[in-house]
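These are my notebook entries on one structure. I looked up selected contacts and surfaces and wrote down what I found.

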Amino acid sequence: MFTAIAPRYDFLNHLLSLNVDRSWRRAAVRRLAWERTPDGTYLDLCAGTLDLAATLAREPAFGGRVVGADFVVPMLARGKGKAARARPVAADALTLPFADSRFDGAMCAFGVRNLADLDAGLREAHRVLRPGARFVVLEFTTPRFAPLRAVYMFYFRRLLPAIGRAVSKHRDAYTYLPESVLEFPDPDAFARRLSGAGFGAVGYELLTGGICALHHGTR
Ligand SMILES: C[S@@+](CC[C@H](N)C(=O)[O-])C[C@H]1O[C@@H](n2cnc3c(N)ncnc32)[C@H](O)[C@@H]1O
C-alpha cells in the first residue's frame with residue numbers, strides 16, 4: 001500500500017492536514033531533547049519519506065545524524081535530498097539491524113499504528129536506545145470533546161477517504177487510515193504499552209483539539 005501511494009504521500013499529508021502535520025513534526029523534535037546530544041545519532045522509525053528525520057536534521061544547531069528506517073524503499077526514495085544529515089536505511093521495525101543502545105534518541109510519526117506487532121516494535125525501539133535516551137511518538141487519535149468529535153469524524157470517515165482516493169488513485173489506502181486509527185489503542189492505553197515495553201517517564205500531550213497525540217518515554 002505504501003509503495004503504491006508513495007508518489008502522492010507528501011502532497012496528501014500536507015493537503016489533508018492543511019499543513020498542520022509540519023507543526024506536529026516540529027513539536028515531536030522539540031520533545032526529543034536532542035539539544036542534550038546535538039552531535040548524536042538519532043533514529044526515525046517508520047520514516048517513510050523522511051519528513052520527520054529532515055525536520056530534526058535541518059535544525060541549525062544539530063550536528064549529528066538521523067537514520068530513517070522503513071521497509072518500503074519507494075517511500076524512502078521520496079526523502080532523497082530533503083536533508084544531508086538524514087540517511088535512509090531499509091529496515092523492518094520489528095527486527096532492526098542495529099546494535100543495542102546505538103541511538104541517542106528515537107522518534108516515530110504515524111508509524112506505530114501500522115506495525116504488525118506493536119509490542120515487538122516498541123521493544124525494538126527500546127533495545128536500540130541508550131539508557132536515558134528519549135523515544136517520541138506521534139500518532140493520530142480522535143477528539144474527546146463531543147461537538148468537535150462529531151465534525152471531525154465526518155471529515156475523517158467521509159471527506160478524507162474521498163479526497164485521498166481521488167488524489168492517490170488508490171482504492172483503500174485512505175479508508176485504511178481512519179479505520180486503523182479507530183482500532184488503535186487510545187492515548188492512555190498506548191502509554192501503558194510504552195511502559196510495558198520498558199519505557200519510563202511516559203507521558204503524552206494532545207495536539208490540535210485532540211486529533212493527534214504526542215507521546216514520549218525514556219529508556
Ligand atoms: C503513515 S507512514 C508514516 C511515514 C512518516 N513517518 C511520516 O510521518 O510521514 C507509515 C510508514 O510506516 C512504515 N512501516 C510500517 N510497518 C513497518 C515496519 N514493520 N518496519 C518499517 N517500516 C514500517 C510504512 O512503510 C510507512 O512508510
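Entry 1. I began with Arg 113, whose side chain joins that of Glu 139 in a polar contact of 2.7 Å. A polar contact is a pair of N or O atoms within 3.5 Å; within protein, one must be able to donate a hydrogen and the other to accept it, and residues adjacent in sequence count only if both atoms are side-chain atoms. I located Arg 113 in the loop between β4 and α5 (118–128). Helices (H or I, at least four residues) and strands (E, at least two) are DSSP runs, numbered from the N terminus. Arg 113 counts as buried because its relative accessibility is 10%, where buried means under 20% relative accessible area, exposed over 50%, and partly exposed in between (1.4 Å probe, protein chains only).

I note that this is a predicted model, in which local features need pLDDT of at least 70 and side-chain atom pairs count only at pLDDT 80 or more, while totals for chains, interfaces and linings use all residues. Residues are numbered from 1 along each chain as its sequence is written, and side-chain values use heavy atoms, with hydrogens and water left out.

Entry 2. I turned to the strands. Strand β4 (residues 103–109) and β5 run parallel and are joined by six bridges; two strands pair if DSSP finds at least two bridges between them. Met 107 has Val 136 in β5 as its bridge partner. I found strand β5 (residues 129–140) mostly covered, with nine of its twelve residues buried.

Entry 3. I then searched for salt bridges, and the whole structure has ten. A salt bridge is a side-chain nitrogen of Lys or Arg within 4 Å of a carboxyl oxygen of Asp or Glu. Arg 25 forms one with Asp 21, with the closest N and O atoms 3.1 Å apart. Both residues lie in helix α2, four residues apart, about one turn of the helix. Arg 25 counts as buried because its relative accessibility is 7%, and Asp 21 is buried at 2%.

Which parts of the chain does the pair of Arg 31 and Glu 205 link? Their side chains meet in a salt bridge (3.4 Å, N to O). The pair links distant parts of the chain, Arg 31 in helix α2 and Glu 205 in strand β6 (residues 200–207), 174 residues apart. I also recorded a salt bridge between the side chains of Asp 119 and Arg 193 (2.8 Å, N to O). Asp 119 is in helix α5 and Arg 193 in helix α8 (residues 187–196), 74 residues apart. Asp 10, Asp 51 and Lys 82 are linked in a network of salt bridges.

Entry 4. I examined the ligand next. Of the 18 residues around the ligand, Tyr 9, Arg 25, Cys 46, Asp 70 and Ala 93 come nearest; a residue is near a molecule if one of its heavy atoms lies within 4 Å of it. A polar backbone atom of Cys 46 is 2.8 Å from a nitrogen atom of the ligand. A polar side-chain atom of Asp 92 also lies 2.8 Å from a nitrogen atom of the ligand. Taken alone the ligand exposes 590 Å², and the protein buries 96% of that. Accessible areas come from the Shrake-Rupley method with a 1.4 Å probe; for residues, only the protein chains shown count as cover.

Entry 5. The side chains of Asn 19 and Arg 22 make a polar contact (2.8 Å). Asn 19 counts as partly exposed because its relative accessible area is 38%.
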